[in-house]
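Dear colleague,

Please find below the structure that I am handing over to you. I would be grateful if you would look through it alongside the notes that come after it.

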Amino acid sequence: MRHESERRADRRQLRVVIVGAGFGGLTVAKNLAKTPVHVTLIDRANHHLFQPLLYQVATAGLSPADIAWPIRRIVRRQKNARVLFGEVTGVDRDRKRVILGDREIGYDILVLATGAAHGYFGNDGWAAYAPGLKTIDDATEIRRRLLLAFERAEMERDAEKRRQLLTIVIVGGGPTGVEMAGAVAELARKALAADFRAVDPGKTHVVLVEAGPRLLAGFPEDLSRYAADALGRLGVDVRLGGAVTGCDGAGVTLGDETMSAATVIWAAGVKASPAADWLGLESDRAGRVPVGPNLIPPGADDVFGIGDTALACDATGAPLPGIAPVAKQQGAYVADAIKARVAGKAAPPPFRYRDRGQLATVGRKAAVIVYKRLRLKGWLAWWIWGIAHIYFLISLRSRLLVATQWLWSYVTFERGARLIAGPRAPPESDETDTRTNKAPPPDD
């Protein structure tokens, strides 16, 4: 039996509750492995996800298991950590409790790393017609819609409906939209080219819509132009300077133009979790919690906000981008701040982001990279992009699998994860026309 003095010592250890097991939250937890604190890691998914490669799952290039790992396995050797599978619904700051439905978890230090969801600029009804890309479920749903569109086009006799099925619109010209557009174009024109008889997947109309004047607004203009030209060579129809004003089951509206499309993918905006509401703080337009240079929200010394949850600024006052390196560096900073509190030392100096550059790929042979004054584009940039992404995957198994599959895909154009899964919807060309209740004519 343990002595009473040991149990009292345990109770004196700080309770650190981390909400969210993304890049930031997981970094905090792992960096506290040897610190005398109790760590509780809460997430509504049971896995950590490498989001930068999520578009590869959506376009059948990778399996979900290649880019996601069970959280419990990641921290299984960390004796001071426990994992709770649940969705946080609120925070009671007065009582220092995190609320998970009908359960409460006490904390001494709370780390909010809850990430972001899709933002539709006040048009939340569009979500049903234009799924975004933030989770494994999102990726497999987009994959299902893409592959079903080709299957239904193969059976469709009406030329106009077939054109609609073979029109795919991606909304948003940031890195996610650019990478999705290139991958979808290659899926249609290369991987599926020889697999159908009644339709030619090579005639698929892939449209990338960006409301701003150029793609990749965070990159230098010359790299933005290169990305647009590279997408054009892949057959992508790039539309700049026109925002989507409507979206439904028939397609999208761009100003006065209506574009019929069976598949619409949203990559245009994000909104943060309700963390600001939990804390009773005013958020910015994207829902982010304002934090100071120490990543602490105003008036909440026992709370940290990191990653997409937080509105953190650099030395010039510009908001930090919502990318993985920012979240990981913030996670390491918060862990150091907690260690300092435990040791009774002074807090670390204000957080300063060390820029690791930005990368975006355009198909299988081109990418753009900007790192300080260095600018790269083309084939060499694509290889650097691939090596960097493989390196940051968590497990050796995943690195080997992804590297092998990418090499095979590069040589053969084959996509090994072309599975239609999820809720089964009847094909549009079913045995009965539901509008007229008449059977369609027989095949010739």
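Predicted model: local features only at pLDDT ≥ 70, side-chain atom pairs only at ≥ 80, totals over all residues.

Strands pair through backbone hydrogen bonds, and the pairing may be parallel or antiparallel. Here, three strands form an open sheet in the order β22-β23-β24, and their pairing is antiparallel. Strands β22 (358-362) and β24 (374-378) lie at the edges, each pairing on one side only. On average, neighbouring strands are turned by 5° against each other, direction ignored. Helix α8 (residues 221-233) packs on this sheet and touches β22, β23 and β24; the direction of α8 makes about 170° with that of β23. Between β22 and β23 (residues 366-371) there are 5 bridges, and L359 stands opposite I369 of β23.

The next item is a helix pair. Helix α2 (residues 23-31) packs against helix α10 (residues 324-343) at an angle of about 35°, and their axes are 7 Å apart. This crossing is right-handed. Among the residues making the contact are F23 and V28 of α2, together with A327, V334 and I338 of α10. By class, the contact comprises 8 nonpolar, 4 polar and 2 charged residues.

Finally, I turn to helix α7 (residues 175-191). At 1.5 Å a residue, its 17 residues should span 24 Å, and the end C-alpha atoms are 22 Å apart, which agrees. Of these 17 residues, 13 are buried, so α7 is largely enclosed by the rest of the structure.

Yours sincerely

Key
Residues numbered from 1 in each chain as written. Heavy atoms only, no water. Helix = DSSP H or I, 4+ residues; strand = E, 2+ residues; numbered from the N terminus. Expected span 1.5 Å × (residues − 1). Buried < 20%, exposed > 50% of the residue type's maximum accessible area, 1.4 Å probe, protein only. Pairing = 2+ DSSP bridges. Axes fitted to C-alpha atoms, helices over the stretch in contact; angles between N-to-C directions. Contact = heavy atoms within 4.5 Å. Left-handed = near helix turned anticlockwise from the far one by under 90°. Nonpolar A, V, L, I, M, F, W, Y, C, P; charged D, E, K, R; others polar.
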